2 protein chains.
Amino acid sequence: MELREIGEFGFIRRVSRGCLVRPEGVERAIGDDAAVFVVPPDELTLVTTDLLVERVHFLRDATTSFNLGHKAMAVNLSDIAAMGGIPREAFVSTAIPAGCPVEYLDGLYDGMKSLAARHGVNILGGDTTGSVADLILNVTVVGHVRRDEVLYRSGARPGDIVCLTGTVGDSRAGLHFVLEKLHPSDAAMRTLFDAHILPRPHLEEGRFLAATRAATAALDLSDGLSSDLMHIVEESGVGIRVHADRIPISAELREFCAGLDRDPFRFALAGGEDYVLAVTVRPDRIGEVGRDFAARFGRPLHRIGEATDSGHLELVTPGGQTEIVRPTGWDHFGEHGV
Amino acid sequence: MELREIGEFGFIRRVSRGCLVRPEGVERAIGDDAAVFVVPPDELTLVTTDLLVERVHFLRDATTSFNLGHKAMAVNLSDIAAMGGIPREAFVSTAIPAGCPVEYLDGLYDGMKSLAARHGVNILGGDTTGSVADLILNVTVVGHVRRDEVLYRSGARPGDIVCLTGTVGDSRAGLHFVLEKLHPSDAAMRTLFDAHILPRPHLEEGRFLAATRAATAALDLSDGLSSDLMHIVEESGVGIRVHADRIPISAELREFCAGLDRDPFRFALAGGEDYVLAVTVRPDRIGEVGRDFAARFGRPLHRIGEATDSGHLELVTPGGQTEIVRPTGWDHFGEHGV
């Protein structure tokens, strides 16, 4: 079906179904000049926004619209996770090229709504318009966090233990399948593909770590481990020493890299779009926090290094040598590549 | 200068200057995973978002980037005005085509920051990325309003007086200059051009009307008077009768239309992008509200008609005939034209 058959307002009515999953506190959703809602008293408000552009962030024929919608929502929820927060309301802007069928857009919104609903997030509004060339998707998420639990990038202190809530590099391997138009050959390769296509925001992990009050800084890994850790270095005014042999690399990524004769550490350090959290934890609490994390989530909180006073990001190689790391993550206007 | 010379983070540092104009209540601005701020206790939170797409909403060579930035911010502030609210924090996403010079983007952000600062609005974050074809700009604004002053589209009751806070149709005339690549020939034509290029959000008017507690419904005119009034008809479950000869048409629009042998009422009814407010006011308070409005703003609150129980939008022609109006405003996926 073509959009012009149902018109702008028909389309808005169509995609609005199922957007309001947590009505309490919502005074007005889609349909007025602005969305209107109540925020919990005494909590800090969090806002994050991400713009996805066709041919820059995705290829329309390389993923389903459901998966694209999932990812657009996931990257924003991941930012809220990195603050230790609870996401509450989402706002979706789409610019739709002529000829993009309504069924494609149904899938896009279903992908967003399904992940949002799983985390109790309402889609309360947005903007819908045409586009000449590319499909554009901007998602804004509003969330909340207790003032004494918020996790900034600036709180790390020398001696804190640097941890990851999951493995890194899988998403970059999954991107390989997308770019090469390959189907994952087995369940292991499917895991890598899904890590790229259907990233899971680590919201429960972020909330858990914030509630311990032992976490001192956090961010989510979107640009690549080395590039992202540099933000903690800069914002906290510390150094970070990462031990290469402690970086969690999945068995699937090792298998993938062995098959292509590639170095999994390059994928782990510079790959990007992992959407796991990097967190610094007070050294006197790390034992207890690590145990509780493992008990709660059934997998380890990976300790990859420690904050230092060097002012640099350093990598200790498996051979025991220390190198200063030059960030090699994603710059949208610069030079890059794994 | 090209963007790749300063990189993504250099660009963010560059445009971040002057974004924080009202620091109180702001815990984190640009530079963490999310912006963090405190909202006033006991107030409702408002969120609105608008997406501007090159070749759909603007032509890059038909306006300056400063004016484009102004308009992107203005249309969002206008939505907050229509709720009777106070805008507080803005979030800006831009997708930038290769070759778009840094100086162009400086102007774009200057246009946004200048209007935002005038209204005490911080730009607290956003997203910056590349684009293959078109320049894309998404602005989200968060604002607040007292619960007993919020203006919805749904509050109009039969008998309420329908008012406009300014003249309509000027913006559509200004668009004529843009589309025909004409320079305004004199101050009067410049006024029309500016109404389209540099719309002024009616924030003070919205706050004034909300504070009277005599306004029952409001919206801002973006799609066209007839199309927009239909939203009040639908959301409030009323009818609206507009008297054509009471629609405020500026002397400049009359002069413009006389010169081109066009009907100014067509421009006023269907033009769009006026960004004045349509407000319904309790009939027992209209005299006092109109007087106070005129005293405060030095121009009249235009009474163009009344809410009825007909369920239709009706136009009473200058000859005294009543016609049911079919909305002819903007549908991004439909057929249209003045």
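## Helix α4 of chain B

Helix α4 of chain B, residues 170–179, is mostly covered, with eight of its ten residues buried. This description, like those that follow, rests on a predicted model. The buried positions of α4(B) are D170(B), S171(B), R172(B), A173(B), G174(B), H176(B), F177(B) and V178(B).

Among the elements that cover these buried residues are three of chain B: α5 (187–197), α8 (251–260) and α9 (264–270). Just after α4(B) comes K181(B), whose phi is positive, at about 55°.

## Strand β8 of chain B

Strand β8 of chain B spans residues 215–220. Because six of its six residues are buried, β8(B) is largely enclosed by the rest of the structure.

The pairing partner of β8(B) is strand β10 of chain B, residues 277–281; the two run in the antiparallel sense and are joined over five bridges. Within this pairing, A215(B) has V281(B) of β10(B) as its bridge partner.

## Position of D292 in chain B

D292(B) lies in helix α10 of chain B, which covers residues 286–297.

D292(B) and R4(B) are 288 residues apart along the chain, and their C-alpha atoms are separated by 54 Å.

## The interface between chains A and B

In the interface, 66 residues of chain B are in contact with 66 residues of chain A. Together the two chains bury about 5,400 Å², and carbon and sulfur atoms account for 58% of that area.

Six salt bridges are counted between chain B and chain A. One of them joins R153(B) to D32(A), with 3.7 Å between the closest N and O atoms. On the side of chain B that touches chain A, strand β3 (residues 43–53) of chain B gives the most, contributing nine residues. By class, that side of chain B comprises 29 nonpolar, 18 polar and 19 charged residues.

## Strand pairing across the interface

Strand β3 of chain B also takes part in a strand pairing between the chains: β3(B) and strand β2 of chain A (residues 35–37) pair in the antiparallel sense over three bridges. In β3(B), V47(B) is the residue that stands opposite A35(A).

T49(A) is placed in strand β3 of chain A, residues 43–53. With a relative accessible area of 5%, T49(A) is buried, because the limit for that class is under 20%.

The side chain of T49(A) has polar partners within chain A. The side chain of T49(A) reaches the backbone oxygen of V139(A) at 3.2 Å, and a polar contact of 2.9 Å links the side chain of T49(A) to the side chain of T140(A).

Which residues does T49(A) touch, not counting residues up to four places away in sequence? In chain A, T49(A) touches N76(A), N138(A), V139(A) and T140(A). In chain B, T49(A) touches F91(B), S93(B), G126(B) and D127(B). T49(A) is thus both a buried residue and one that touches residues of chain B.

Terms used
Residues numbered from 1 in each chain as written. Chains lettered and ligands numbered in written order. Predicted model: local features only at pLDDT ≥ 70, side-chain atom pairs only at ≥ 80, totals over all residues. Heavy atoms only, no water. Contact = heavy atoms within 4.5 Å. Buried area = accessible area lost by both parts, 1.4 Å probe. Salt bridge = Lys/Arg side-chain N within 4 Å of Asp/Glu carboxyl O. Helix = DSSP H or I, 4+ residues; strand = E, 2+ residues; numbered from the N terminus. Nonpolar A, V, L, I, M, F, W, Y, C, P; charged D, E, K, R; others polar. Pairing = 2+ DSSP bridges. Buried < 20%, exposed > 50% of the residue type's maximum accessible area, 1.4 Å probe, protein only. Polar contact = N/O pair within 3.5 Å; in protein donor to acceptor, adjacent residues only side chain to side chain.
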